[in-house]
Amino acid sequence: MIKVVRGNPTPEELAAALTVVRARAAATTAAASDASSGGSALPGQWADPGRIARRARHVPGPRAWARTYWPG
């Protein structure tokens, strides 16, 4: 809820202020969506297997093959 505490805004000024508030809310929602792709998922999205593919994969180094041998 938005309340004007001082002054008497015109309908155009009030509409402009509400547009800014709505744009800020949309940006916050988009930022939360982007953050979920970085590892901190929203509660409803934590089990989504598609979020794993959004992160960059680890690329093994040039000598990684030498550490994969298990004598048996």
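The paragraphs below lead from the whole chain to a few of its residues.

This is a predicted model, in which local features need pLDDT of at least 70 and side-chain atom pairs count only at pLDDT 80 or more, while totals for chains, interfaces and linings use all residues. Residues are numbered from 1 along each chain as its sequence is written, and side-chain values use heavy atoms, with hydrogens and water left out.

The protein chain holds 1 helix and 0 strands, where helices (H or I, at least four residues) and strands (E, at least two) are DSSP runs numbered from the N terminus. Of its 72 residues, 4% are buried, a word that stands for under 20% relative accessible area, with exposed meaning over 50% and partly exposed lying in between (1.4 Å probe, protein chains only). The chain's accessible surface comes to about 6,700 Å², and 62% of that surface belongs to carbon and sulfur atoms; such areas come from the Shrake-Rupley method with a 1.4 Å probe.

V4 lies in the segment before helix 1 (11-36), and V4 counts as partly exposed because its relative accessibility is 43%. Together with I2, L14, L18 and V21, V4 makes a nonpolar surface patch of about 390 Å².

A17, for its part, lies in helix 1 and is partly exposed because its relative accessible area is 38%. Although A17 and I2 are 15 residues apart in sequence, their C-alpha atoms are 9.8 Å apart in space.

How values were computed. Patch = residues over 30% accessible without salt bridge, like charges linked within 9 Å, V, L, I, M, F, W, Y side chains within 5 Å. Salt bridge = Lys/Arg side-chain N within 4 Å of Asp/Glu carboxyl O.
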